[in-house]
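Biologist: I would like to learn how to read a structure. Please take me through a few features, with the general idea before the case.

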Amino acid sequence: MGPTGATGDTGPTGATGATGDTGPTGATGPTGPTQTALYAGNTTGPTIITVLGGTNIALPSNQNINGFAPNGSNDTFTVQQTGKYYITYQINTTVALLVSARLLLNGATVIPGSIQSPVVSTTFISNTLIVNLTAGNTISLQLFGAVVTAILIGGGATGASLTIIRLS
């Protein structure tokens, strides 16, 4: 038997076939950064007369608010979108006090986990939590549990602040 002969030239390419059906949609990717967030502080150093049942803290300074509505006193903020929220607050006073802090939901209900009740007098109270909120809910930061005169630090320093960020 003799050797295999040389391969001939390739013929012309045929026409492209029809496009196939679109495949299934892939999984949804992770949610991007939220645009719903609130920061409000108090840098004026006001005197707050705290009543046993609770006194809201006004937070009129350095507000950066998107997706919330402050009331006229800047001490209550209305949530505009239902979701899971990260909330943190801090309170700084000029002298050590034995007073508690908390977050109120809709002016009457304590948000679970939001109470900070120091066992010794302190000048600093803070807390962080994650909660589910519904559009229309209101949030207020309060001092309570003792009748005291609290003077927040001021002069541009943050005497109190509230940060709320929508996670999902």
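Modeller: We will go through the sheet, then some single residues.

Modeller: This is a predicted model, in which local features need pLDDT of at least 70 and side-chain atom pairs count only at pLDDT 80 or more, while totals for chains, interfaces and linings use all residues. Residues are numbered from 1 along each chain as its sequence is written, and side-chain values use heavy atoms, with hydrogens and water left out.

Biologist: How many strands form the open sheet, and in what order?

Modeller: Strands (E, at least two residues) are DSSP runs, numbered from the N terminus. Two strands pair if DSSP finds at least two bridges between them. Here 5 strands form an open sheet in the order 4-1-13-7-10, and the pairing is antiparallel. Strand 4 (61–66) and strand 10 stand at the edges with a single partner strand each, so one side of each has no neighbour in the sheet. From one strand to the next, the twist averages 10 degrees. The axes behind such angles are lines fitted to C-alpha atoms, for helices over the stretch in contact, and angles run from 0 to 180 degrees between N-to-C directions.

Biologist: Which strands pair with strand 7, and over how many bridges?

Modeller: Strand 7 (residues 83–97) pairs with strand 10 in the antiparallel sense over 11 bridges. Strand 7 also pairs with strand 13 (residues 160–166), again antiparallel, over 7 bridges. On the strand 10 side, Ile91 has Ile125 as its bridge partner, and Gln90 has Ser126. On the strand 13 side, Tyr86 stands opposite Ile165.

Biologist: How do side chains point along a strand?

Modeller: In a regular strand the side chains alternate between the two faces of the sheet.

Biologist: Is Thr50 buried or exposed?

Modeller: Buried means under 20% relative accessible area, exposed over 50%, and partly exposed in between (1.4 Å probe, protein chains only). Thr50, in strand 2 (residues 47–50), has a relative accessible area of 0% and is therefore buried. Contact means heavy atoms within 4.5 Å. Leaving aside neighbours within four places in sequence, Thr50 is in contact with Thr55, Val99, Leu143, Phe144, Ala146, Val147, Val148 and Ala150.

Biologist: Where is Ser121, and what is it in contact with?

Modeller: Ser121 is in the loop between strand 9 (109–110) and strand 10 (122–133). Its relative accessible area is 43%, so Ser121 is partly exposed. Apart from neighbours within four places in sequence, Ser121 is in contact with Ala96, Leu97 and Leu98. Ser121 and Leu98 are 23 residues apart along the chain, yet their C-alpha atoms are separated by 4.3 Å.

Biologist: Which residues have a positive phi?

Modeller: Two examples are Asn62, with phi near 50 degrees, and Asn106, with phi near 55 degrees. Each is a positive value in a residue other than glycine. Asn62 is in strand 4 and counts as exposed because its relative accessibility is 51%. Asn106 lies in the loop between strand 8 (100–105) and strand 9, and is partly exposed at 41% relative accessible area.

Biologist: Where is Leu167 found?

Modeller: Leu167 is in the segment after strand 13. With a relative accessible area of 45%, Leu167 is partly exposed.

Key: Helices (H or I, at least four residues) and strands (E, at least two) are DSSP runs, numbered from the N terminus.
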